[in-house]
Each structure stands twice: as structure tokens, then as C-alpha cells.
Amino acid sequence: MRKKLLTSLLACAAFSVANQASAGPTLDKIKARGELVCGVNTGLGGFSVADSSGRWTGFDVDMCKAIAASIFGDASKVRFVPTSEQVRFTALQAGEVDVLTRNSTWTLQRDAGLGLDWAGINFYDGLAFMVPVASGIKDLKALDGATICMNQGSAAEVDTRNYFTTNGMTYQPLAIENQESLNNSFFSGRCDAITADSSNLAAIRATAKKPADYVVLPEIISKSPLGPVVRKDDPQFTAIVRWTLNAMITAEEYGVTSANVEEMKSSGSEAVKSLLGATPGSGNALGISENWAYNIIKQIGNYGESFERHVGAGSPLGLPRGANALWSKGGLLYAPPM
């Protein structure tokens with residue numbers, strides 16, 4: 001009996017210490033500040049765009065607002081900081097932003113070498129190439145010897161080099177830091193093609209005077225899993241970011257939307273009630289309100305709602321769900337069980 005009691009007490013003590021260790025400086029700063037600071041793209045159609053009044057909208061912007069809804073119960077308690085390819089990780093490391101909710105590819109080198117954590121994948125993408133229709137180019141083999149525009153400091157530089165070297169092809173890179181300058185270089189004919197993640201190319205194409213004059217070639221040459229990035233200094237904050245994304249995916253799987261969330265909270269299945277806080281437990285585990293997921297869905301919507309609103313078939317980008325469909329519908333989106 002004494003051994004069993006001692007083992008039980010030690011287990012409780014270990015759990016208590018682990019719980020205390022899970023708290024960290026990032027979440028404390030966010031709560032004291034009264035707002036979440038998110039690093040976003042300087043301007044990427046469908047994902048993060050600011051209008052003339054400074055109001056930010058987009059798929060990645062929704063991710064940031066959802067995290068704020070989890071922590072504060074209010075999706076508006078956010079400040080957005082536009083970050084370029086070159087400074088995004090430095091800004092996060094230096095504490096200038098709390099989280100990056102911008103198109104940042106998860107790779108081994110970044111995960112192991114930057115002191116940062118990817119809290120999940122909110123968009124599955126890959127490197128593609130766009131050319132003028134008038135060029136007559138139909139596939140990547142026709143780009144041998146071409147001049148190719150790309151973002152300076154992006155994974156596109158490495159992936160393009162690897163692809164062309166592997167296939168015995170040559171090219172002339174034109175790497176440009178500023179996104180607007182990059183787009184203008186392509187549209188003005190300074191390069192034969194432009195490369196970026198396929199979603200990025202769809203956004204660039206939508207800004208052209210005549211989008212129909214440009215085509216994204218069908219080949220995808222890399223894997224680009226994109227998702228929110230945090231520092232490794234605060235496990236509790238990392239868990240909140242991770243489960244914010246998982247809650248949006250799970251809500252779509254359960255059929256919970258911004259329109260029916262009130263009804264589902266009281267009349268849904270036990271799994272739905274647990275998700276929405278009617279049955280307590282998940283909020284306490286994360287150290288936030290039991291209504292955290294309810295607040296996300298009520299104010300932002302589930303994953304599918306956000307996707308369709310900003311980048312889906314009815315948006316200017318017109319992207320299919322593809323790999324970003326739920327696992328039960330042939331896609332890769334899969335949230336661990338609550």
C-alpha cells in the first residue's frame with residue numbers, strides 16, 4: 001500500500017511540475033499586452049491582404065484571428081505585422097511577433113536549426129511555375145535555359161536548383177525580395193517564367209490585367225507544407241496554436257459551422273458538445289476558457305468556411321480543395337482526436 005501511495009504521489013507531483021513548466025513567456029506577454037501579434041505576408045491575395053484602411057483579410061489572417069479568439073474570446077484582439085521572406089523568422093526569433101501565420105514551409109533544416117516549431121499544417125502546397133500563354137510553353141522541360149523569377153530567400157531557390165540540376169537542365173535565376181517588384185518583373189517580360197507555391201502563383205495571376213494571358217504549368221516539383229510557426233519557449237502557447245487549427249478542422253468534420261454552432265452546442269453529439277465546451281475539459285487542459293473552440297467557430301468559422309471564403313472555388317483564386325480536403329474526402333487534412 002505504501003509503495004502504491006508513494007507511486008501515486010510521485011505521479012501527481014510530476015504532473016504538477018509538468019503543468020507549471022508548460023506555462024511560458026509568450027502567453028504571459030500576450031495576455032499582459034491584451035492582443036496577439038501576428039507576422040503575416042506583406043501582401044498575398046487570398047491569404048493576407050490589407051485594404052486602404054489597414055484592415056487585414058485572408059486565409060492566413062483567419063488563422064491568426066482564430067488564435068486570438070482561443071485566448072481572449074475575441075478574434076479582433078490582433079495586431080498584424082507584415083513580414084518578408086527574408087525577415088519573417090528573424091522577427092519571430094527576436095520576439096517582434098508572437099506567431100507567424102503566413103506561407104512558411106515546414107522543413108527539417110528550419111525545424112531543427114531555427115529554434116522554432118511548426119504547430120501544424122493549415123495548407124498543403126508545392127512549387128509550380130507560371131508562364132505567359134503566348135510563350136507556347138506546355139511543360140517544365142521547355143524551360144531549359146530560361147530566366148526564372150523567384151522570391152529571394154524562399155524555398156523556391158533551393159527546390160528550383162535541385163529540380164533543374166537533377167534533370168540536366170540550366171536556367172538563369174532572377175531572385176527579387178519585394179513581392180510587387182517580383183510580379184512586375186514577370187509581367188513586364190524580364191523573365192520567361194515565375195516560380196512559387198501554386199497558391200502563390202494563383203494569387204499573382206489574379207493581379208494581372210488579363211489573368212487569362214497566363215497559365216500555371218501542371219507539374220508540381222516539391223512538397224510545401226505550410227502552417228503557423230512559433231518559438232520553442234512556450235509549450236502552452238504552442239498547444240493553443242496547434243489545437244486552434246485542429247478545432248477548425250474537427251468542426252468541419254463534425255459539420256459545425258458559424259451558422260449552426262449555437263444549435264450544435266446544445267443538441268449535437270457528445271463529441272460536438274465536448275468540442276464546443278458544453279462538456280468541460282479541453283479548455284482546462286489548454287489553460288483557457290472552455291468556450292475556446294466555440295468562440296473560434298462562431299467568429300471565424302470552420303476550416304472549410306475559411307478556405308472557401310478566401311481561396312476556394314468562389315474566390316478570385318478559384319483553388320480546388322485538392323490535398324486540403326478532409327481526410328474522409330480524399331484529402332490530407334486530419335486532426336488528432338480531441
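Between which two elements is the loop that holds Val 87? Val 87 lies in the loop between β4 (78–83) and α4 (88–93). The model shown in these views is predicted; local features need pLDDT of at least 70, side-chain atom pairs count only at pLDDT 80 or more, and totals for chains, interfaces and linings use all residues. Residues are numbered from 1 along each chain as its sequence is written, and side-chain values use heavy atoms, with hydrogens and water left out.

**View 1. Val 87 in the loop between β4 and α4.** Helices (H or I, at least four residues) and strands (E, at least two) are DSSP runs, numbered from the N terminus. With a relative accessible area of 39%, Val 87 is partly exposed; buried means under 20% relative accessible area, exposed over 50%, and partly exposed in between (1.4 Å probe, protein chains only). Val 87 and Gly 153 are separated by 66 residues in sequence, and their C-alpha atoms are 9.3 Å apart.

**View 2. The largest nonpolar core and Phe 237.** A nonpolar core is a set of buried Ala, Val, Leu, Ile, Met, Phe, Trp, Tyr and Cys residues joined through side-chain atoms within 4.5 Å. The largest such core has 59 residues, and Leu 36, Phe 123, Phe 237 and Tyr 303 touch the most other members. Helix α9 (residues 235–254) contributes the largest share of this core, 10 residues. Apart from it lies another core, of 15 residues, including Ala 146, Ile 148, Phe 164 and Leu 217. Not counting residues up to four places away in sequence, Phe 237 is in contact (heavy atoms within 4.5 Å) with Thr 26, Leu 27, Ile 30, Leu 36, Ile 67, Ile 71, Asp 98, Val 99 and Val 230.

**View 3. Arg 231 in strand β14.** Strand β14 spans residues 229–231. Arg 231 counts as buried because its relative accessibility is 13%. A polar atom of the Arg 231 side chain lies 2.9 Å from the backbone oxygen of Val 97. Residues up to four places away in sequence aside, Arg 231 touches Thr 26, Leu 92, Gln 93, Gly 95, Val 97, Asp 98, Gly 115, Leu 116 and Thr 238.

**View 4. Helix α13 and the helices against which its buried residues pack.** Of the 8 residues in α13 (residues 292–299), 6 are buried: Trp 292, Ala 293, Tyr 294, Asn 295, Ile 296 and Ile 297. These buried residues pack against α3 (59–72), α9, α10 (261–267), α11 (270–276) and α12 (282–286). Gly 301, which follows α13, has a positive phi near 105°.

**View 5. The largest cavity and its lining.** On a 1 Å grid over the protein atoms alone, a cavity is a set of points where a 1.4 Å probe fits but cannot get out, and lining residues have an atom within 4 Å of a point. The structure holds 2 cavities of 30 Å³ or more, and the largest cavity contains about 160 Å³ of space. Among its 16 lining residues, Glu 85, Thr 105, Ser 154, Ala 155 and Asp 197 lie nearest its centre. Both α6 (155–166) and β11 (193–197) supply at least two residues of this lining.

Definitions and conventions:
A polar contact is a pair of N or O atoms within 3.5 Å; within protein, one must be able to donate a hydrogen and the other to accept it, and residues adjacent in sequence count only if both atoms are side-chain atoms. On a 1 Å grid over the protein atoms alone, a cavity is a set of points where a 1.4 Å probe fits but cannot get out, and a pocket is an open set with protein on both sides within 12 Å along at least five of seven lines; lining residues have an atom within 4 Å of a point. Grid points are joined across faces, edges and corners, and a volume is the space filled by probe spheres set on the points.
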